[in-house]
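Hello,

Here is the structure for you to look over. My notes on it follow below.

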Amino acid sequence: MTCWAAHQSPVDARTHTHTNLTIPRMSSRTSSTYVSGRMPWYTMDGAPQRPYIVGMAGGSASGKTTVAQRILKSLGPQVVLLSMDSFYKSLTDEQIAAAHRNEHDFDSPDSFDYELLFDVLNKLKEGKRVEVPVYDFNTHSRLKDKTTPIYGANVVIFEGIFALYDAQVRSLMDLKIFVDTDSDIRLARRLLRDIAERGRDAAGVLKQYHKFVKPAYDNFIGPTIRHADVIIPRGKENLVAIDLITKHIIRQLDERGQSFRHLLAKQNYPATLPANVLVMEPRGQLKALHTIIRDATTCRDDFIYYSERLSCLVVERALAEFPYEPLDVQTPTGDTYKGLRPADQLCGVSIIRSGATMEASLRRVSKDAQIGKLLIQSSPVTGEPELHYCKLPQDIAQRAILLMDATIATGACAMMAIRVLLDHNVPEDRIVLATLIAAPPGLHAVARAFPKVRVVVSEVDAQVNERYWILPGVGNFGDRYFGSDD
């Protein structure tokens, strides 16, 4: 099950959900071939932003999906491609038998579940997580135990033969497109597709085309062209039209765009830290550990050893923020000890790269805690946070979450990680963010956007410079830990 639908691949659905995205080399240096990730899909206050919804209609085999995929390729992971095929109604046994005889009308408006379709698009418009059904054309039914989760898209491209048919569904669209392709070309493509991909014979495809497909286009699909804002003649062959539409969508996104790190670093914040930020007491051991890891002359082996010691102290303090419940146990002397145990199962989620350095410390403190991972990196082009990879336990919403990142400068990456957890239905008050070193802009940004998230930090530094580095700081924590700072 994927975290969003733009990129799909089969995975073991029993334990985790994850996105299928190329993971760039874990280094602060810019690679010669940069792979963009998912840009922020929320506002400065942490709330989901309404996506730009594009509806794309046209006859069967007109090239709608190809056009949509070409736009998606240009825009990247911020785009969700949603097919109307997912919203076919499951057939009865009698209808399935008719379908195998090529006598069932799949091109009728009555074949689609418009109520479910509107509900899904409306929730996406509101920035909510949805579960999209998966339709199996071999069995002519929706798969009972499989859905595709989608949340937080910047752009949704919804394509299907009846994408512009229903007035209520059209009302949710920001841009309406009709792909207009010659009927002979559409028939030739349909023959190739249905024979190669759906296991049908040519005679059956032609029978179905003349009995159902062509009349449906003439009576229902073709007339929806009047609702279109843009008509693409020749379909996928019209590269000029596709390029213009792509540029229009990019312009819409730019108008909504936000310079998160710049705005977060330059914000005016109070002198006192937010109430939900807990700074550990600066005792001698804590100060000594900070002295070692901040020293530029500390060798890598010592840096790893002492930063992991510091991580253990931070993790232990952070775990004290979770609820505990009474538990009486019998001691070896036969007496009863009135103790405590965690009220919820724990899951640690590390923000890769530097958050991964805290995983070993969590294992030492809580050996049974599950680990989830979020790869969030700053774009070398825009400087903004981008989500490249997400792997979380399926029952993440029922667990207490310890979110881990070694440093928090502007708070941009931490905000994205928290938004991911919220979009996986994790309650905000069940998240504790643990970090070794933080700067005031980042702490205030997280607290303002997510006031119920508690933050535990071992030491707060003075400021963030124009390169978004914490001062006096520790340098690039990930480079020093993983040895990539040479």
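Two strands count as paired if DSSP finds at least two bridges between them. By that rule, strand β3 (residues 79–83) pairs with β6 in the parallel sense, over 5 bridges. Please bear in mind that this is a predicted model.

**Strand β6**

In β6, I157 is the bridge partner of L81. Strand β2 (residues 52–58) also runs parallel to β6, and 5 bridges join the two. There, V54 stands opposite I157.

Is β6 buried or exposed? Of the 5 residues in β6 (residues 155–159), 5 are buried, so the strand is largely enclosed by the rest of the structure. Buried here means under 20% relative accessible area. Both faces are covered. V155, I157 and E159 are buried on one side. V156 and F158 are buried on the other. Note the glutamate in that set: E159 is buried along with V155 and I157.

**The chain as a whole**

The protein chain holds 14 helices and 20 strands. Its C-alpha atoms fill a box of roughly 85 × 60 × 40 Å along the principal axes. Of its 486 residues, 54% count as buried. Take the contacts with a separation of 6 or more: 73% of them come from residues 24 or more positions apart.

**Two domains**

The domain assignment gives domain 1 (32–258) and domain 2 (263–321 + 339–482). Domain 2 is therefore written in two segments under that assignment. To the contact, domain 1 brings 18 residues and domain 2 brings 21 residues. The C-alpha centres of the two domains lie 40 Å apart.

How much area is buried between domain 1 and domain 2? About 1600 Å², with carbon and sulfur atoms giving 61% of it. The salt bridge count between domain 1 and domain 2 is 0.

**The annotated span**

UniProt, in an unreviewed entry, places the feature "domain: Phosphoribosyltransferase" at residues 283–483. In the model, that span is 33% helix and 32% strand. The C-alpha atoms at the ends of residues 283–483 lie 29 Å apart.

Best wishes

Conventions: Residues numbered from 1 in each chain as written. Predicted model: local features only at pLDDT ≥ 70, side-chain atom pairs only at ≥ 80, totals over all residues. Heavy atoms only, no water. UniProt positions renumbered as here; feature names shortened; annotations may be inferred. Helix = DSSP H or I, 4+ residues; strand = E, 2+ residues; numbered from the N terminus. Buried < 20%, exposed > 50% of the residue type's maximum accessible area, 1.4 Å probe, protein only. Contact = heavy atoms within 4.5 Å. Buried area = accessible area lost by both parts, 1.4 Å probe. Salt bridge = Lys/Arg side-chain N within 4 Å of Asp/Glu carboxyl O.
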